[in-house]
Amino acid sequence: MNFLPDSTDVFVIGGGPAGLAAAIAARQQGFRVMVADGAGPAIDKACGEALMPDAITALERLGVAVPALEVCRLNGVRFFSSGLFAEADFPSGLYGLSVRRTVLHRALKERAGALGIEIFWNRAVTGITGTRVADREVLLPDRNVHARWIIGADGANSRVRRWANLDRLTHSHLRYAFRRHYRVAPWTDRLEVYWGKHSQAYATASGPDQVCVAVASRNPKLRLDESLCEFPALHERLHGAEPASAERGAISANRRLNRVYRENIALIGDASGTVDAITGEGLDLSFCQALQLAESLRMSDLARYQAAHRRLSLRPLFMARLMLLQDGRASLQRRTLRVLRRHPQIFRRLLAFHVRRLSPVDLALNGLTLGWGLLTA
Ligand SMILES: Cc1cc2nc3c(=O)[nH]c(=O)nc-3n(C[C@H](O)[C@H](O)[C@H](O)COP(=O)(O)OP(=O)(O)OC[C@H]3O[C@@H](n4cnc5c(N)ncnc54)[C@H](O)[C@@H]3O)c2cc1C
């Protein structure tokens, strides 16, 4: 058995993408860092597996190299609805990537290992003790570890959030999502979003011979195979393709917390709030939060992290709400598609806003054009 030393500067609870990114960023600021995760690597999860352009920049800053042969480039987004499609490129010079969760996890784990971060897999944290900050310890099955800072990166159902009494949500909107990979030659270099009557499907290439498909809906009983019937164009593409992974489920939600830290405990990633899967933004947010959190730890100022966290999540939460206005509204979907086809610059600008390359003022002007287009479509 591995015996843990008794103290560290930063203890990260959860070794998923957010936890490992937080650990790496903190180590880069000179802290001694430990991580514990209840599961073992490489950790998989239901995910659309798209990395937005800022996620790629953040990974570069973290020194994480995802093997080039195991990623696919995403040049933009394509929407499908009722036999129509519209598409937009990312702003000039930008691109996204799609990468299997297990490949991404391996790359993060390797970087953490190279930086000398101690990671304890298959060891779930069972609590945090100490009412005073100076006495605070993280409880593991084999011992307690004293930590100056504790980071809760334990996912959407975070127990750290509860232990730290940070559970007050300002907004929550639940959907049910499923993901599976199919063995089929990728046909697209875009993140494809298929709008159905009761659900949406997302498809991305995830290797030379695989495509990742995720679906999300408000119906807890709807499963992937059933849902695919809503998307004839996608269904046809996947016809006869063998599944290359098991179907995995997850909750997709827009959830914002009032606070993301208390005393020396901070939350990150899905533990600190989530944005609906339709944005393709959870990983991007986690990596950007990790960089901000490490900077705030260096300055011993978690209020700074709270402000940065809020700033980072406003835009994806807004975009999630905007996109989900279409959910279940077939005629609005058709009209929107028509407008986006007729005015491709509107779609380009919406995407530029989504990836933080267009200001809210510019988006507002654009919104007027879109609104007028919808009224007259
Ligand atoms: C259907 C779907 C599609 C999505 N598509 C995309 C996409 O295309 N692009 C994108 O950027 N984002 C996407 N997301 C969001 C993204 O998957 C999440 O934002 C991301 O997984 C958050 O990572 P995390 O590390 O915070 O949480 P998780 O990945 O959930 O990791 C939490 C970790 O904490 C560990 N843990 C839990 N409790 C304990 C404990 N007590 N002790 C120790 N360890 C513990 C768990 O084992 C786990 O490893 C999607 C989400 C869904 C549901």
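## Sheet, ligand shell and domains

The structure is a predicted model.

Between strand 19 (residues 255-257) and strand 22, the antiparallel pairing runs over two bridges. Within this part of the sheet, Arg256 stands opposite Gly273 in strand 22.

The ligand is surrounded by 40 residues, and the closest are Gly14, Gly16, Gly48, Gly269 and Gly282. The elements listed below each give two or more residues to the shell around the ligand.

| Element | Residues |
|---|---|
| Helix 1 | 17-28 |
| Strand 13 | 174-183 |
| Strand 16 | 210-217 |
| Strand 18 | 248-253 |
| Helix 7 | 282-298 |

Of these elements, helix 7 gives the most to the shell, with four residues. By residue class, the shell around the ligand consists of 19 nonpolar, twelve polar and nine charged residues.

At the level of the whole protein chain, the division is into two parts: domain 1, made up of the segments 7-44, 101-171 and 254-320, and domain 2, which covers 328-376. The centres of domain 1 and domain 2, taken over C-alpha atoms, are separated by 35 Å.

Note on methods. Residues are numbered from 1 along each chain as its sequence is written. This is a predicted model: local features need pLDDT of at least 70, side-chain atom pairs count only at pLDDT 80 or more; totals for chains, interfaces and linings use all residues. Two strands pair if DSSP finds at least two bridges between them. A residue is near a molecule or strand if its C-beta atom, placed from the backbone, lies within 6 Å of it. Ala, Val, Leu, Ile, Met, Phe, Trp, Tyr, Cys and Pro count as nonpolar, Asp, Glu, Lys and Arg as charged, and the others, Gly among them, as polar. Domain bounds come from an automatic or database domain assignment.
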